[in-house]
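This briefing covers salt bridges, voids, surface and fold, in that order. Keep the sequence and the 3D view open while reading.

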Amino acid sequence: MTATVRYQDVEVGTEVPVREFRVDRAGLVRYAGASGDFNPIHWNEKFAKDVGLPDVIAHGMFTMAEAARVVTDWTGDPGALVEYGVRFTKPVVVPNDDKGAVIEIGAKVAAKLDDEARTVRLDITATSGGKKVLGRARAVVRLA
Amino acid sequence: MALDQSFVGRSYPPTAPYEVGREKIREFAEAIGDTNPVYTDPEAARALGHPDVIAPPTFVFAITFKAAGAQVVEDPALGLDYSRVVHGDQQFAYTRPVRAGDRLRVTSTIDSIKSLAGNDVLSVRGEVHDEAGEHVVTSFTTLVARAAEAEESR
């Protein structure tokens with residue numbers, strides 16, 4: 001576990017810059033295959049609408065995976081992650097066009113938890129189409 | 001219909017081992033667009049102190065959810081209507097990252113059953129251990145089964 005960010009170099013409020021992640025229908029099919037989650041709401045428009053959704057939506061776990069990238073790219077070693085949790089507040093709607101949807105994800109240091117364990121809590125924000133798609137999205141990481 | 005509260009605290013037997021393969025990790029990393037070499041290159045993983053390539057943090061969900069799905073969600077005695085289920089909340093507590101070569105067993109436990117505004121809210125904990133019996137990660141999954149009435153009155 002060798003994070004590259006040093007505990008002593010971060011402060012409460014230190015920001016991890018917002019990044020954009022694009023997701024289209026092909027990406028959802030690929031994620032379905034890789035994750036084994038073949039729920040048709042993620043690839044079948046008719047099914048999604050029949051169960052009351054506006055359109056096909058991204059897997060919540062796909063959004064959670066992208067949000068994790070923001071954290072693990074910052075720490076350097078994904079093994080530095082100690083805790084990670086999110087609430088799925090709004091679905092990411094993925095239209096059937098050549099653009100798909102965009103998820104904007106950023107984070108900031110919300111607390112320095114333990115000077116000895118060198119752990120900090122990051123609060124993550126994730127929005128798509130101007131709506132917050134994750135709530136209480138938090139990661140605890142062990143820094144160098 | 002509200003779920004039976006007597007299921008709270010119920011644990012299911014550990015699953016048969018799931019063997020984590022390098023190429024499965026690669027496939028997952030590619031599907032989430034993550035090019036971190038620690039997921040695909042054993043040398044890069046070893047440089048960070050891992051014995052082999054590790055899996056992205058959410059990879060393990062496929063394993064814990066499969067366990068929960070086969071045992072809890074489809075437990076006929078519990079009576080959850082899966083066609084109305086959405087994923088409400090997900091948390092992980094890691095002892096170490098999942099890595100290639102791991103043979104992982106999941107022990108699922110129902111942590112809570114609540115009824116909120118007619119929705120059934122089911123929280124399932126999946127404890128993941130390796131072949132040596134060491135803890136790897138615990139997954140906390142909250143599923144929400146939307147109320148049938150709300151659906152019909154739309």
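B:Glu43 is exposed, at a relative accessible area of 52%. Here buried means under 20% relative accessible area, exposed means over 50%, and partly exposed lies in between, with a 1.4 Å probe and protein chains only. The model is predicted: local features need pLDDT of at least 70, side-chain atom pairs count only at pLDDT 80 or more, and totals for chains, interfaces and linings use all residues. Residues are numbered from 1 along each chain as its sequence is written, chains are lettered from A and ligands numbered from 1 in the order written, and side-chain values use heavy atoms, without hydrogens and water.

**Salt bridges**

- Over all chains, the count comes to 20 salt bridges. The rule asks for a side-chain nitrogen of Lys or Arg within 4 Å of a carboxyl oxygen of Asp or Glu.
- B:Glu43 pairs with B:Arg46 in a salt bridge, with the closest N and O atoms 3.2 Å apart. B:Arg46 is partly exposed, at 41% relative accessibility.
- B:Arg46 and B:Glu43 sit 3 residues apart in helix 2 (residues 42-47) of chain B, so about one helical turn separates them. Helices are DSSP runs of H or I with at least four residues, strands are runs of E with at least two, and both are numbered from the N terminus.
- A:Lys49 and A:Glu45 form a salt bridge at 3.5 Å, N to O. Both residues belong to helix 2 of chain A, 4 residues apart, or about one turn of the helix.
- A:Lys49 is partly exposed at 43% relative accessible area. A:Glu45 is also partly exposed, at 29%.
- A salt-bridge network links A:Arg25, A:Glu45, A:Lys49 and A:Asp55.
- B:Asp89 and A:Arg87 make a salt bridge, their closest N and O atoms 3.5 Å apart. This pair crosses between chains, from strand 2 of chain B to strand 2 of chain A.
- B:Asp89 is buried, with 14% relative accessible area. A:Arg87 is partly exposed, at 40%.

**Second largest pocket**

- The second largest pocket holds about 270 Å³ of space. On a 1 Å grid over the protein atoms alone, a pocket is an open set of points with protein on both sides within 12 Å along at least five of seven lines; lining residues have an atom within 4 Å of a point.
- Its lining has 15 residues, with A:Glu83, A:Gly85, A:Arg136, A:Arg138 and B:Gln91 nearest the centre.
- Strand 2 (81-88) and strand 6 (134-142) of chain A, with strand 2 (85-94) of chain B, each give two or more residues to this lining. Strand 2 of chain A supplies the largest share, 5 residues.
- The pocket lining has 7 nonpolar, 2 polar and 6 charged residues. Ala, Val, Leu, Ile, Met, Phe, Trp, Tyr, Cys and Pro count as nonpolar, Asp, Glu, Lys and Arg as charged, and the others, Gly among them, as polar.

**Cavity**

- The whole structure has 1 cavity of 30 Å³ or more. A cavity is a set of grid points where a 1.4 Å probe fits but cannot get out.
- The largest cavity holds about 40 Å³ of space. Volume is the space filled by probe spheres set on the points, which are joined across faces, edges and corners.
- Its lining is B:Thr64, B:Phe65, B:Ala68, B:Ser108, B:Val124, B:Gly126, B:Ser139 and B:Thr141.
- Helix 3 (61-73), strand 4 (119-129) and strand 5 (135-145) of chain B each give two or more residues to the cavity lining. Helix 3 of chain B gives the most, 3 residues.
- By class, the cavity lining has 3 nonpolar, 5 polar and no charged residues.

**Surface patch**

- A:Val29, A:Phe38 and A:Trp43 make a nonpolar surface patch of about 330 Å². Patch residues have over 30% relative accessible area and no salt bridge, and nonpolar side chains (Val, Leu, Ile, Met, Phe, Trp, Tyr) are joined within 5 Å.
- Accessible areas come from the Shrake-Rupley method with a 1.4 Å probe.
- A:Phe38 lies in the loop between helix 1 (25-35) and helix 2 (45-50) of chain A.

**Chain A overall**

- Chain A has 3 helices and 6 strands. Their order along the sequence is β-α-α-α-β-β-β-β-β.
- Of its 144 residues, 50% count as buried.
- The C-alpha trace of chain A spans about 55 × 30 × 25 Å along its principal axes.
- A:Ala80 lies in the loop between helix 3 (60-75) and strand 2 of chain A. A:Ala80 is buried, at 1% relative accessibility.

Technical notes: Patch = residues over 30% accessible without salt bridge, like charges linked within 9 Å, V, L, I, M, F, W, Y side chains within 5 Å.
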